[in-house]
Amino acid sequence: IEGNNTVYILSLTGKPHKANVFTIPLLRRLDSLLDEVEDNLPCSLVICGNGKFFSAGFDLKALTGTSHQKSSTGEKKQQQVQRKQGTQVTPQGQELGQTSLRLLARLLVFPAPTIAVFNGHAFGLGLFLGLACDHRVMITEDGKSSGPGRNNHRLCLPEISIGLPLGSGLAALAKCKMNASTLRTAALTGKQYNCHEALEAGIVDQVLRYNSTSLKDGRALPEEVLTMAESLVSTSEKGNLRAIKFELYGDTHSV
């Protein structure tokens, strides 16, 4: 995390896993970084990825005991059973799920304004992390259209494709932050949204461009994001931002 006492940038660094998959230690680390931000109110918080991924979501090996990527004979048989019964979550996976829900609940009503910057793929829990934020921005490279098929970054809920339920907590968050039509398509088909589609569907609020030749660091952000973050700092000055968020999202937070 880095900041100037008014705007804090929390970067998912791609370490130890380049896809920024969520493990229990990573979630606990994020929770401790939120403590640091909360200790420095008033301020705003920007969350971004690094490189190709914002986050690929849960560490599926920890969640279910399988990576869902290999296709050995034994795993093919396991996948056939999973298609009939649904993927089973391990005890460690249950703890991972509960830890993630606590972090999302905290972020949902965080006392500072929050901005998620999708500067890479955001799948599953990666997308839910963004949904828990107040504002969402998706990045496209300078000179590339924000129209369909011209940007490689994707947002999706892949649970339907890997045999997992959303779970009541994540489903409640999705209902809270996505419109009904978008949620139906995202959850029931696993559609991958490019930046234009995500904007049209209301998943993100803005699509911004940056010049990849001048911003070498995958964590670098367009100036508009920093300006937006600075402009929102004042909303945390009165100390009532968390209360208003509870008024808006209290039912979701309780799930």
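Helix 1 (24-38) and helix 4 (91-108) each contribute at least two residues to the lining of the largest cavity. Helices (H or I, at least four residues) and strands (E, at least two) are DSSP runs, numbered from the N terminus. The model is predicted: local features need pLDDT of at least 70, side-chain atom pairs count only at pLDDT 80 or more, and totals for chains, interfaces and linings use all residues. Residues are numbered from 1 along each chain as its sequence is written, and side-chain values use heavy atoms, with hydrogens and water left out.

A search of the whole structure returned 1 cavity of 30 Å³ or more. A cavity is a set of points, on a 1 Å grid over the protein atoms alone, where a 1.4 Å probe fits but cannot get out; lining residues have an atom within 4 Å of a point. Grid points are joined across faces, edges and corners, and a volume is the space filled by probe spheres set on the points. The largest cavity holds about 40 Å³ of space. Its lining consists of Leu10, Leu30, Leu34, Ile47, Leu103, Leu107 and Leu129. By class, the lining has 7 nonpolar residues, no polar and no charged. Ala, Val, Leu, Ile, Met, Phe, Trp, Tyr, Cys and Pro count as nonpolar, Asp, Glu, Lys and Arg as charged, and the others, Gly among them, as polar.

The second largest pocket has a volume of about 320 Å³. A pocket is an open set of points with protein on both sides within 12 Å along at least five of seven lines. In the second largest pocket, 17 residues form the lining, and Gly97, Pro165, Leu166, Gly167 and Leu170 lie nearest its centre. Helix 4 and helix 7 (168-177) are the elements that give two or more residues to this lining. Helix 4 provides the largest share, 6 residues. The lining of this pocket divides into 8 nonpolar, 8 polar and 1 charged.

Alanine 132 sits in the loop between helix 5 (125-131) and strand 7 (135-141). Its relative accessible area is 0%, so alanine 132 is buried. Buried means under 20% relative accessible area (1.4 Å probe, protein chains only). Beyond its neighbours within four places in sequence, alanine 132 contacts Leu104, Leu107, Leu108, Leu173 and Lys177. Contact means heavy atoms within 4.5 Å.

Strand 3 (residues 44-48) is largely enclosed by the rest of the structure, because 5 of its 5 residues are buried. Ser44, Val46 and Cys48 cover one side, and Leu45 and Ile47 the other; all are buried. Strand 3 runs parallel to strand 2 (residues 7-11), joined by 5 bridges. Two strands pair if DSSP finds at least two bridges between them. Serine 11 is opposite cysteine 48. Strand 3 also runs parallel to strand 5 (residues 114-118), through 4 bridges. There, valine 117 is the bridge partner of cysteine 48.

The structure contains 2 aromatic pairs. The ring centres of phenylalanine 53 and phenylalanine 123 are 6.3 Å apart and the planes lie at 85 degrees, so this pair is edge-to-face. Rings of Phe, Tyr and Trp (its six-membered ring) pair if their centres lie within 6.5 Å; planes over 60 degrees apart count as edge-to-face. Both phenylalanine 53 and phenylalanine 123 are buried. Phenylalanine 54 and phenylalanine 118 form an edge-to-face pair, at 5.0 Å centre to centre and 75 degrees between the planes.

Terms used: Buried < 20%, exposed > 50% of the residue type's maximum accessible area, 1.4 Å probe, protein only. Phe/Tyr/Trp six-rings, centres within 6.5 Å; stacked < 30°, edge-to-face > 60°.
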